[in-house]
Amino acid sequence: MVEKTADARLEEFEARIDRGEKIEPGDWMPDAYRQNLIRMISQHAHSEIVGQLPEGKWIPYAPGFRRKLTLIAKVQDEAGHGQLLYRAAEMLGKSREEMISELLAGKAKYANVFNYPTPHWADVGVIGWLVDTAAVINQTMLAQSSYGPYGRAMKRICYEESFHIKQGYDAVVAMARGTADQRAAVQAAVDRWWYPTLMMSGPPDTISTHSQLALRWRIKTKSNEQVRQEFVDLIVPQIRALGLTVPDPACAFDPASGRHRYTQPDWEELKRVINGDGPCNKERLDARRKAHEDGRWVREALQAAS
Ligand code: BYC
């Protein structure tokens with residue numbers, strides 16, 4: 001049998017992507033496709049795991065039994081999402097241990113939003129509502145990813161994330177219809193989370209380093225900017241319907257484009273926060289390191305039993 005040239009294999013790979021076929025772990029793929037997926041999926045897995053912390057902190061203080069139960073369910077879901085995603089990345093050839101040690105060493109990235117504090121119960125509602133809405137818009141797009149295991153994981157995750165949005169929205173509605181103090185608290189939380197949530201969709205196409213390749217190979221099917229615009233168009237009417245204010249005086253509906261105009265976040269702040277210099281990076285990584293140490297005996301017991 002004649003061995004195919006690298007060019008012919010790449011051509012065949014790209015033709016499969018153009019036909020909308022899914023790439024599976026055992027299929028031939030360019031190394032840059034594999035490395036990009038490992039990078040993105042492992043960062044996504046870390047985001048789910050670190051993302052448990054800002055809201056998890058509020059479990060003991062949740063106002064009432066029903067809110068406590070739904071918050072526990074949500075935080076537990078995030079742990080499950082992390083497991084699914086670590087598995088999807090492992091199938092590409094990088095071990096879970098390696099990914100986790102990079103996280104604990106502070107070398108791996110995870111979503112910027114989880115490096116901000118949650119000083120009030122209102123933050124829990126606003127994270128569920130704003131952050132999870134931004135996440136679902138992005139993940140609905142990623143469900144169409146050319147890499148089969150990632151797309152399938154996204155479908156399952158999006159079902160659960162939709163429940164998370166309801167959990168957050170329900171808490172926000174209760175506060176927005178509550179006392180003047182509750183309304184002020186929820187507005188302050190919207191003010192805190194607005195720009196970090198806009199940053200969550202990633203830098204604009206002009207400065208994004210990986211988007212071009214990710215779009216060419218349909219790892220992503222929309223640009224960061226498209227995803228962010230969809231989020232703004234969906235969420236701004238919801239914020240206003242609750243009598244709350246978007247903390248951006250320039251944010252306005254533009255009838256000509258059918259889109260909302262808005263002020264771009266500070267991209268230098270994103271760079272600082274994802275590179276370790278955000279308000280809570282140290283606290284988050286210390287919590288993960290402690291959890292990893294506390295769980296050592298479980299890993300050792302499982303290893304001894306296998
Ligand atoms: N945060 O070239 P770019 C959740 C990094 S969790 C951190 O545009 P890309 C939830 C980027 O990684 C859901 N880092 O990159 C959980 C890259 O760094 P490296 C989280 C960011 O990958 C618990 C560099 O900047 N979702 O829903 O094309 C509770 C250049 O950027 C960010 C995902 O992880 C950021 N915001 O696009 C509640 C989705 N933005 O690798 C909720 C999967 C950029 O060169 N990921 N960077 O060192 C993606 O969709 C994309 O990777 C991104 C960025 C949109 C994040």
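This report describes the ligand site of a predicted model and a selection of individual residues.

## Basis of the model

The structure is predicted; local features are reported only at pLDDT of at least 70 and side-chain atom pairs only at pLDDT 80 or more, while totals for chains, interfaces and linings use all residues. Residues are numbered from 1 along each chain as its sequence is written, and side-chain values use heavy atoms, with hydrogens and water left out.

## Ligand contacts

For Lys-109, an N or O atom of the side chain is 2.5 Å from a ligand oxygen. The corresponding separation is 2.6 Å for a polar side-chain atom of Gln-43, and 2.9 Å for a polar side-chain atom of Asn-138. On its own the ligand has 1,000 Å² of accessible area, and the protein covers 91% of this. Accessible areas come from the Shrake-Rupley method with a 1.4 Å probe; for residues, only the protein chains shown count as cover.

## Pocket and surrounding shell

The ligand takes up the space of the largest pocket. On a 1 Å grid over the protein atoms alone, a pocket is an open set of points where a 1.4 Å probe fits, with protein on both sides within 12 Å along at least five of seven lines; lining residues have an atom within 4 Å of a point. A molecule sits in a pocket if more than half of its atoms lie within 2 Å of its grid points.

Helices (H or I, at least four residues) and strands (E, at least two) are DSSP runs, numbered from the N terminus.

Asn-36 is located in helix H2 and is buried, with a relative accessible area of 11%; buried means under 20%, exposed over 50%, and partly exposed in between (1.4 Å probe, protein chains only). The side chains of Asn-36 and Arg-39 are joined by a polar contact of 3.1 Å. Such a contact is a pair of N or O atoms within 3.5 Å; within protein, one must be able to donate a hydrogen and the other to accept it, and residues adjacent in sequence count only if both atoms are side-chain atoms.

Lys-68 belongs to helix H4 and is partly exposed, because its relative accessibility is 29%. Helix H6 contains Gln-139 and Thr-140. Gln-139 is buried at 5% relative accessibility, whereas Thr-140 is partly exposed at 41%. The C-alpha atoms of Thr-140 and Ala-301, 161 residues apart along the chain, are separated by 38 Å.

## Selected residues in loops

Arg-218 lies in the loop between helix H9 (211-216) and helix H10 (224-241). Although not a glycine, Arg-218 has a positive phi of about 55°. Most residues other than glycine have a negative phi. Arg-218 counts as partly exposed, at 36% relative accessibility.

The loop between H10 and strand E1 (252-254) holds Leu-242, which is buried at 15% relative accessibility. Leu-242 and Arg-183 are 59 residues apart along the chain, and their C-alpha atoms are separated by 9.8 Å.
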